[in-house]
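Welcome, and please open the structure in your viewer. We will walk through it one selection at a time.

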Amino acid sequence: WGHINYNEAAQNGMRSWEELERQQGHLGRWCTAHNHLKQCSVSFVCKAGFCSECTISRDCNEKHACEWDASAGHRICIPRSLTRSWTWRETVCTVLIVVTALLSAAAGMGGGGVYVPLLLLLLGFSTKEAIPLSQAMIVGGAVVNFIMFCGERHPEHNHRPKIDYDVVMMLNPGLAAGVTLGVMCNLVTPQWFIVVILIVTLVLALQKSLGKGIQQFKRESKQLAEKAAKGQSAVPAGSVKIRFADIPSFFVLAQENSRPLSLIGGCWLVFLACNFIRAPSCTTAYWFQRLSLVGICLFFTMSGQTTIRSRLSSKGTSEGMMGWTESTLWLYPLMATVAGFLGGFLGIGGGIIMGPLLLELGMDAPASQATTAMFVFLSSSLAAIQFMVLGKSMPEFALWFTAWVVVSTFAGQTVIDYILQRWQRSSLIVLSIAAIIAGSLCMMTAIGAKDIYVDIARGADMGFKPMNLCGH
């Protein structure tokens with residue numbers, strides 16, 4: 001309420017509580033977690049039972065930032081505006097997002113493991129604000145990747161598409177089921193445990209991808225040296241060619257892969273419908289829905305197995321492609337389920353784990369890049385549609401950052417094509433994967449460590465919280 005002005009009181013008389021409250025507005029009113037919007041409006045926050053000034057932007061409701069209002073003499077929550085609040089932070093964040101999008105395009109990944117920490121650390125967004133905005137950026141880049149890859153053929157096997165639709169058909173249901181289970185476990189797990197698993201997972205993924213990238217780079221250097229020794233041109237002439245979607249080629253490839261594409265589309269539509277028909281947490285309908293999703297994923301996986309088995313006798317395993325046998329028809333989907341579980345549990349998405357996994361399973365780098373991009377497109381489009389329908393997006397921020405991601409992804413694809421054609425350095429794709437993983441490792445670990453410190457400082461419960469599952 002401030003300090004008493006005795007001179008004003010002597011001249012005009014003491015004001016009543018009603019007059020003080022009217023002058024102060026919502027500030028100082030009693031409030032609870034249930035009526036804080038009515039009592040405090042969106043300008044103030046409810047702290048210790050009173051409507052108070054905000055301290056940081058995360059105190060405010062979604063899509064609002066905490067700023068000083070000179071006219072009121074208070075820090076209040078105001079709607080976020082990119083143009084009104086532009087500072088050096090927005091500039092740095094935009095530049096880093098562009099760099100991340102360039103690397104993500106080369107890797108075929110979404111980049112969410114870097115986008116979210118950038119929005120949290122630089123712009124002060126809450127997690128509920130950063131994740132929908134990150135998904136908008138990811139789906140923008142994923143659409144560009146899919147359009148550019150959909151008509152391309154495998155670099156070593158011209159009769160096959162660059163996007164391995166058989167792999168997507170077989171692994172995407174398990175990946176989706178794993179993400180669903182991982183998100184549920186994330187709700188009940190303490191932050192310190194998540195950070196430990198995050199560090200272990202990303203360190204292993206970084207070790208695998210970086211090691212494979214360095215080995216491939218050395219092998220390519222040796223091949224180029226041998227060509228130079230034989231008098232052959234190690235670096236063929238060429239110029240940068242801007243590549244667009246090859247729609248006629250896509251229709252031909254789609255016709256040849258109609259069965260896998262039908263199963264992929266059917267699985268996507270089922271999950272889209274389930275996202276809009278959500279049962280209340282911890283009810284019988286909720287558990288039935290979750291079990292049904294697992295059963296549906298199993299159905300699509302078994303349908304994919306039937307499709308693969310019909311071709312096992314006619315097609316052998318080729319170098320640079322994943323080989324299917326009776327054992328791998330079950331093993332690979334299980335591995336995708338584990339990858340999806342880790343992606344959902346750690347909050348980093350499945351793409352950042354699927355990229356190294358596909359390389360480890362024998363897929364060559366260009367095909368892994370395109371196939372991972374397809375996985376990212378399927379998952380990010382589902383999430384983006386859901387957030388858009390729920391009104392979670394911030395159009396001004398989404399348009400600005402997504403536009404930069406779209407342009408950067410197109411530029412990144414053009415540059416990596418030029419590098420592959422001129423220097424035959426597909427190892428740079430693998431090294432780009434390693435770079436994205438390293439960035440995610442550093443930034444996600446920093447965010448997690450900060451959250452752990454805050455939990456310890458305020459004496460929060462550091463154990464597992466099963467009731468959080470029903471609280472959400």
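Helices (H or I, at least four residues) and strands (E, at least two) are DSSP runs, numbered from the N terminus. This is a predicted model, in which local features need pLDDT of at least 70 and side-chain atom pairs count only at pLDDT 80 or more, while totals for chains, interfaces and linings use all residues. Residues are numbered from 1 along each chain as its sequence is written, and side-chain values use heavy atoms, with hydrogens and water left out.

**First stop: two helices**

Now show the whole of α8 (residues 191-229) and α12 (residues 328-346): their axes come within 10 Å and cross at roughly 135 degrees. That makes α8 oblique to α12. Axes are lines fitted to C-alpha atoms, for helices over the stretch in contact, and angles run from 0 to 180 degrees between N-to-C directions. Angles under 35 degrees count as roughly parallel, over 145 as roughly antiparallel, 65 to 115 as roughly perpendicular and the rest as oblique.

**Second stop: the disulfides**

How many disulfides does the structure hold? There are four, each a pair of cysteine sulfur atoms within 2.5 Å.

Select C31 and C46, joined with an S to S distance of 2.0 Å. C31 sits in the loop between α2 (17-24) and α3 (36-40), and C46 in strand β1 (residues 45-47), 15 residues apart. C31 is buried at 7% relative accessibility, whereas C46 is partly exposed at 28% (buried means under 20% relative accessible area, exposed over 50%, partly exposed in between, with a 1.4 Å probe and protein chains only).

Next, pick C40 and C51, whose sulfur atoms are 2.0 Å apart in a disulfide. C40 belongs to helix α3 and C51 to strand β2 (residues 50-52). Both C40 and C51 are buried.

Then try C54 and C66, another disulfide. The torsion about its S-S bond is about 90 degrees, so the link of C54 and C66 is right-handed.

C267 is buried, with a relative accessible area of 2%.
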